[in-house]
Amino acid sequence: MSGATSAPRPEGGSTSAPRPEGGGGERSIGEIFSSITTEMSTLVRQEIALAKTELRQDAKNAGRGAGMLAGAGVAGHLFLASLSALAILALGHLIGHAWAALIVTVVWGVIAAVLAKSGQKAMKQVPPPMERTTVTLKEDAQWAKHPTS
């Protein structure tokens, strides 16, 4: 990283400004240290501001995407309801509307049961949240109690 070339310069345009007492010498270590800490704090503040801006934008995009997914879920639900009604009407001409409704309802019940069982199986495979972090925190706490062991 070449911070020396991109650092802001004092009003004289030079990175090593002469001392104001008129000696014409280099800046003291204290002045250099003060300048470095000021520039570092400015840099940190700017990085934090950038991170906040990026997080705000990302959250806004995520919210918009979540809203669109919710809309897609509603539209998908309406699609399945309409498709079910169509299946009932189509089968109703062959076997009667009551039997057609029963058949379509049973099919959706079987689909729901299979999806529920599959989801339950998948959820059992998910480890507890932050499992490794919890273990390391417990080890840290144990070490803090007995640092020599």
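**Helix α2 and its cover**

Me: What covers the buried residues of α2?
Reply: The cover includes α3, residues 97-124. Contact here means heavy atoms within 4.5 Å, and buried means under 20% relative accessible area, with exposed over 50% and partly exposed in between (1.4 Å probe, protein chains only).

Me: Where do these coordinates come from?
Reply: This is a predicted model, in which local features need pLDDT of at least 70 and side-chain atom pairs count only at pLDDT 80 or more, while totals for chains, interfaces and linings use all residues. Residues are numbered from 1 along each chain as its sequence is written, and side-chain values use heavy atoms, leaving out hydrogens and water.

Me: Which residues of α2 are buried?
Reply: S35, S84 and G92. Across the protein, 3% of the 149 residues count as buried.

Me: How many helices and strands?
Reply: Four helices and zero strands, in the order α-α-α-α along the sequence. Those are DSSP runs numbered from the N terminus: helices are H or I with at least four residues, strands E with at least two.

Me: What happens just after α2?
Reply: G96 takes a positive phi of about 100° there.

Me: How do α2 and α3 pack?
Reply: Their axes are 7 Å apart, at an angle of about 140°. So α2 is oblique to α3. The axes are lines fitted to C-alpha atoms, for helices over the stretch in contact, and angles run from 0 to 180 degrees between N-to-C directions. Under 35 degrees counts as roughly parallel, over 145 as roughly antiparallel, 65 to 115 as roughly perpendicular, and the rest as oblique.

Me: Which residues meet?
Reply: On the α2 side, among them L80, A87, I88 and L91; on the α3 side, including W99, A100 and I103.

Me: Why does S84 count as buried?
Reply: Because its relative accessibility is 13%. S84, in helix α2, touches V104 and W108, leaving aside residues up to four places away in sequence.
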